Amino acid sequence: MLQYYNYHITRFVTSSPNIRVLLSDTGVEVAFAGRSNAGKSSALNTLTNQKLLARTSRNPGSTILINQFEVTKGIRLIDLPGYGYSKMHKNKQHQWLQELRKYIYQRDCLKGIVLLMDIRHPLNDLDQKIIQWSDEVKVPIMLLLAKADKLNYIARQIQLNFVRKEILPLISNIQVEVFSSLKKIGVDKLSKQLNIWFSSSILSTVD
Ligand SMILES: Nc1nc2c(ncn2[C@@H]2O[C@H](COP(=O)(O)OP(=O)(O)OP(=O)(O)O)[C@@H](O)[C@H]2O)c(=O)[nH]1
Ligand SMILES: [Mg+2]
């Protein structure tokens, strides 16, 4: 049965410097991933209606910690560090991508990924890697074309159709929507998808 979660009462639990020291691999979690500066932390703040829950920054690459939040007991949202920050040393970038791959592959409680991409620059190489890895381990993805307020309605629809057309033939079980933290576009669709993921995972993890 579909459960409705109140994302507004989400609270910060802890930060981890790498995936080896995350909270225990129990319950259900959904992670927010994407290029640095894509708008992940802002999306979390918009969803939870809390201005300062997740740290946002004008300087890309600022989130170097894995921030973990709890909606309610055993139901978590994860703010992942961004990838592809050009000013970060190549080795460090590579290291974080490997961590991310491991996280997607090994984290049993990960039941969904919200992948944010700037609507003006969707589906870059690294975004496609994340989609591929998630598909390989059957972790469902919701693609959010973020900062949609940067485009007018027509341009938004063109980008949305373009991304759907590119991705749907490759991966059928993927949802693509436009999103804006600034104009609160797509927030309902995001919470609806989270409700679906959390409800169905809770059912399968409860004895
Ligand atoms: N116009 C507009 N700007 C946004 C939106 N969402 C985020 N931003 C801006 O984009 C910048 C980056 O936002 P963050 O939410 O910190 O992005 P992030 O993906 O968490 O970045 P990292 O943690 O550094 O990887 C900030 O200056 C935000 O104010 C949006 O919906 N519209
Ligand atoms: Mg961030």
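Trainee: Is Glu70 buried or exposed?
Mentor: Glu70 is buried, because its relative accessible area is 18% and the cut-off for buried is under 20%. Keep in mind that this is a predicted model.

Trainee: Which residue does Glu70 form a salt bridge with?
Mentor: Arg11. The closest N and O atoms are 3.0 Å apart. The pair links distant parts of the chain, 59 residues apart. Glu70 sits in strand β3 and Arg11 in strand β1.

Trainee: And Arg11, what does it count as?
Mentor: Partly exposed, at 45% relative accessibility.

Trainee: How many salt bridges does a search of the whole structure find?
Mentor: Eight. Another one joins the side chains of Arg107 and Glu29, at 2.8 Å from N to O. Arg107 is in the loop between α2 and β5, and Glu29 is in strand β2, so this pair ties together parts that are 78 residues apart in sequence.

Trainee: Are those two buried or exposed?
Mentor: Arg107 counts as buried at 10% relative accessibility. Glu29 is buried too, with a relative accessible area of 1%.

Trainee: What about Arg164 and Glu177?
Mentor: Their side chains meet in a salt bridge, 3.5 Å from N to O. Arg164 lies in helix α4 and Glu177 in strand β7, so the parts tied together are 13 residues apart in sequence. Arg164 is partly exposed, with a relative accessible area of 27%. Glu177 is buried, at 8%.

Trainee: Which residues do salt bridges with shared partners join into one network?
Mentor: Glu29, Arg76 and Arg107. Glu29 also stands opposite Arg76 in the strand pairing, with Arg76 in β4.

Trainee: Switching to strands, then. Which way do β2 and β4 run?
Mentor: Parallel. Five bridges join β4 to β2, which covers residues 28-34.

Trainee: In what sense do β3 and β4 pair?
Mentor: Antiparallel, over five bridges, with β3 at residues 66-72. Gln68 stands opposite Ile78 of β4. The two strands form a hairpin with two residues between them. Gly74 in that turn has a positive phi of about 80°.

Trainee: Why is β4 largely enclosed?
Mentor: Five of its five residues, 75-79, are buried, so the rest of the structure largely encloses this strand. Both faces are covered. Ile75, Leu77 and Asp79 are on one side, with Arg76 and Ile78 on the other.

Trainee: New topic. How many residues are in the largest nonpolar core?
Mentor: It has 36. Leu80, Tyr103, Leu115, Ile131 and Leu143 have the most contacts inside it. Elements giving two or more residues include β2, β5, α3 and β7. Helix α2 gives the most, with five.

Trainee: What is Leu115 in contact with, leaving aside neighbours within four places in sequence?
Mentor: Ala33, Gly34, Tyr83, Asp127, Ile130 and Ile131 are among its contacts. Ile141, Met142, Leu143 and Leu144 are also on the list.

Trainee: Last one. Which residues form a nonpolar patch on the surface?
Mentor: Leu2, Tyr4 and Ile196. Together they have about 330 Å² of accessible area. Leu2 lies in the segment before β1. Leu2 is partly exposed, with a relative accessible area of 37%.

Notes: Residues numbered from 1 in each chain as written. Chains lettered and ligands numbered in written order. Predicted model: local features only at pLDDT ≥ 70, side-chain atom pairs only at ≥ 80, totals over all residues. Heavy atoms only, no water. Buried < 20%, exposed > 50% of the residue type's maximum accessible area, 1.4 Å probe, protein only. Helix = DSSP H or I, 4+ residues; strand = E, 2+ residues; numbered from the N terminus. Pairing = 2+ DSSP bridges. Core = buried A, V, L, I, M, F, W, Y, C linked by side-chain atoms within 4.5 Å. Contact = heavy atoms within 4.5 Å. Patch = residues over 30% accessible without salt bridge, like charges linked within 9 Å, V, L, I, M, F, W, Y side chains within 5 Å. Areas by Shrake-Rupley, 256 points an atom, 1.4 Å probe, with all protein chains shown as cover. Salt bridge = Lys/Arg side-chain N within 4 Å of Asp/Glu carboxyl O.
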